[in-house]
Amino acid sequence: MRTDPFKPPLYNSRIIDTYIRLIKKKYSYVNIGDLLRSAKMEPYEVADQGHWFNQEQVDLFYERLVKVTGNEQIAREAGRFAAAPDSIGVMRQYVLGLGSPAKAYELIGKTTQNFTRSSKYECRRLASNKVEIIVTPETGICEKSFQCENRIGFLEAIASVFNNKLLHVEHPECLFRDGSACRYIISWEKTPSIYWKKIRNYGALLLLALSATTFFLNGWIALFAVVPTFVSFILLACLVAASLEKKELKTGIENLRESTDKLLEQINLNYTNALLTNEVGQAISKQTDVDSILRNVFVVLQKRLDYDRGMILLADTEKTRLVFTAGFGYSVEQENLLQKTSFHLDRPESKGIFVISFREQKPFLINDFDDIKTNLSSHSLTFAKMLGAQSFIVCPIVCDGESVGILAVDNVVTKKPLIQSNMSLLMGTATVIGISIRNAMLNETREHQFSSTLQVLAASIDARDNLTAGHAEKVTKYALGICQELGLSKDYTEMIRVASLLHDYGKIGIADAILKKEGRLTVEEYTQVKSHAEKTREILEQINFEGIYLQVPEVAGSHHEKIDGSGYPRGLRGSEIPFGAKIIAVADFFEAITAKRHYRGPMPLSQAIRLLEERSGAHFEKKVVKAFIQYLEKDTQLLEELNAQKQVREPRYRRVPCRTSVSFRVNGRTVSGTSTDISLKGMYVAVDDEFEEGSPIELTFTLPNNCSVTIQAKGRVAWVNNGRERSKPLFPIGVGVEFLDIVQRDDVLSSFVGEQATYASAAF
């Protein structure tokens with residue numbers, strides 16, 4: 001992070017960390033994230049002990065903290081907390097390591113260099129239990145009065161670390177009272193060992209003086225009479241002083257050990273909390289819907305936290321009610337009660353603990369339900385009694401400053417008391433849950449918008465013709481049924497859903513005159529209709545499909561490909577065809593042949609299924625066809641709808657487009673032409689020669705899908721369409737031929753006509 005030369009880094013992150021620890025301990029309702037953001041700080045900066053903040057950031061932090069806590073003395077409180085047992089911070093550990101308050105105060109100048117660069121600290125010992133500390137700001141630094149209060153709090157706390165009773169802290173000179181520096185005089189109560197040491201020392205001097213006087217006046221005899229008594233007294237004083245000093249040292253060691261044990265406990269707790277946060281994060285990171293998020297969160301909470309029960313209530317869309325969404329540890333009867341119960345958010349008189357926590361974004365720790373029952377409504381009291389609640393924690397689930405619900409846990413079996421650290425941990429967990437829920441809601445909104453857009457795009461194509469309206473939705477329904485039978489993943493099924501809705505979008509480039517044509521299509525028209533598959537792929541490739549939707553253009557554009565390679569637009573075969581396209585191909589084919597069109601009626605269900613089975617393996621993937629038939633058999637309502645469709649008798653001989661070279665002999669001469677369409681009873685051939693109706697004719701030709709087989713037929717000229725007699729102006733000049741006898745491979749012709757008739761229908 002680049003340092004602003006006009007805003008030098010002055011205060012180590014450990015100072016802010018002390019405030020954060022105090023907030024978590026006593027002001028857990030404060031949103032630490034918002035607090036840090038208001039001060040232009042980041043959580044990772046506070047966690048980094050090598051990071052330093054400037055004066056502006058610290059000022060903003062304090063101003064916001066006073067505003068949200070309402071405590072104008074919180075700076076002094078934080079100073080005391082820095083060395084308090086509950087803080088278990090680096091400052092307390094450092095101070096304890098110095099052994100005595102006098103030593104701690106004497107080294108304060110060196111100590112504070114690790115925490116602040118804004119001022120210079122100097123210490124002068126005035127007595128064994130009294131020191132003077134002078135704090136002088138560095139040149140150009142402008143501290144605030146709250147920082148003076150913070151210093152006083154910390155200076156007060158140092159003596160208390162060693163269990164020394166604080167006597168007095170004087171502040172005779174202050175920067176913020178027109179002083180040139182902040183001067184503090186700190187005194188504390190002397191320990192008993194110091195008094196006994198003085199008695200020992202003065203006694204030794206007295207003994208020495210008394211011994212000299214006695215010897216001078218009375219000689220050796222008097223000396224031997226007096227000295228043992230005084231020596232015994234001095235030895236007693238030494239023993240008492242040593243005993244008291246040892247006791248004080250032992251107390252100091254115990255304090256250090258206790259602090260170390262608490263530090264280890266805190267490390268273990270932090271580790272457990274880190275595991276919890278990590279597991280909650282992992283559990284919800286891949287979930288995109290609220291139900292999955294809450295289900296996975298409760299699995300982790302049950303594993304990592306020692307609570308008998310837990311539940312989450314979320315606000316409804318209108319923010320008028322809190323509704324039970326997920327929970328664990330409740331009996332069937334209790335869960336039924338939760339499902340039927342909601343808490344009003346739109347009533348000002350509502351004063352239930354859940355509603356208050358939601359509105360004020362404050363957590364509550366209740367260890368005895370009787371303490372609050374007088375403040376609750378009859379509705380809340382009845383609800384609590386039916387659940388058997390006695391002690392519980394309620395935490396608001398907040399994201400971006402807005403409440404989305406509440407998290408509540410309690411113990412009814414273990415009766416384990418709930419403590420502040422439990423609530424602090426749940427508050428952190430609730431924040432993670434809130435962010436995940438908000439992201440899931442936003443994602444659901446985007447998915448809904450995306451889905452709506454797809455529906456509109458699909459409907460815009462179907463709406464061009466009332467007979468094809470709903471085609472995309474029906475194909476999608478069939479395709480999803482196939483996915484369900486095949487057990488495909490949720491993500492892949494979603495991709496199929498989108499591709500199915502848009503599989504015919506390329507028809508936007510096909511003229512209405514062709515799409516709505518009631519008669520048979522010409523070869524050119526049929527070619528245009530087939531181009532919609534490639535157009536679909538090209539159009540969809542212009543959309544930025546990502547993630548699970550990446551395959552949509554390829555799948556949607558390949559739904560007319562066939563296993564044997566006879567499909568279009570690229571003639572893919574077998575494994576070259578995307579599996580999703582194979583699914584849509586079956587769904588699209590079935591919907592097309594069982595629906596009414598301008599040029600034909602719906603095919604009977606039994607015939608449609610038989611046709612699918614006949615084409616299975618050649619045109620369609622076998623397991624896809626099997627899955628689709630299984631899906632149809634399970635959906636009795638769909639079967640009834642399909643069977644109830646009004647069946648329209650199909651023409652006995654359907655003409656289908658067929659462009660192929662034809663050689664024929666008529667009246668002793670050989671002529672060549674090109675066919676335009678064909679049926680089992682005849683074909684139309686475009687040819688410039690003139691013929692008379694009724695003339696016998698012998699034909700030789702191959703079919704477009706099977707050039708290796710030559711078909712020979714005998715027939716007659718049924719009608720003529722030439723310059724003198726254009727009976728059908730839309731047809732090119734030529735003749736209509738009636739087959740009288742197909743000499744070879746009539747089975748090939750029958751298969752071709754049936755297939756093309758079916759796919760001409762499915763092409764729409």
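This is a predicted model: local features need pLDDT of at least 70, side-chain atom pairs count only at pLDDT 80 or more; totals for chains, interfaces and linings use all residues.
Glutamate 591 counts as buried because its relative accessibility is 3%, and the limit for a buried residue is under 20%. Between glutamate 591 and alanine 608 there are 9.4 Å from C-alpha to C-alpha, while the two residues stand 17 residues apart in sequence.

In soluble globular proteins, nonpolar side chains tend to be buried together. The largest nonpolar core of the model holds 49 residues, of which Tyr478, Val552, Val586, Phe590, Leu612, Phe628 and Leu632 touch the most other members. Two or more residues are given to this core by each of several elements, including α16 (420–462), α17 (471–486), α24 (605–615) and α25 (622–634). Helix α23 gives the most to this core, with 9 residues. When residues up to four places away in sequence are not counted, leucine 632 touches Phe590, Ile609, Leu638, Leu639 and Leu642. Another core lies apart from the largest one and has 29 residues, among them Phe328, Ile393, Ile397 and Met427.

Buried positions were also examined in helix α21, which spans residues 532–540. The buried residues of this helix are His532, Ala533, Glu534, Thr536, Arg537 and Leu540, and what covers them includes α20 (523–530) and α22 (552–556).

Conventions
Residues are numbered from 1 along each chain as its sequence is written. Side-chain values use heavy atoms; hydrogens and water are left out. Buried means under 20% relative accessible area, exposed over 50%, partly exposed in between (1.4 Å probe, protein chains only). Helices (H or I, at least four residues) and strands (E, at least two) are DSSP runs, numbered from the N terminus. Contact means heavy atoms within 4.5 Å. A nonpolar core is a set of buried Ala, Val, Leu, Ile, Met, Phe, Trp, Tyr and Cys residues joined through side-chain atoms within 4.5 Å.
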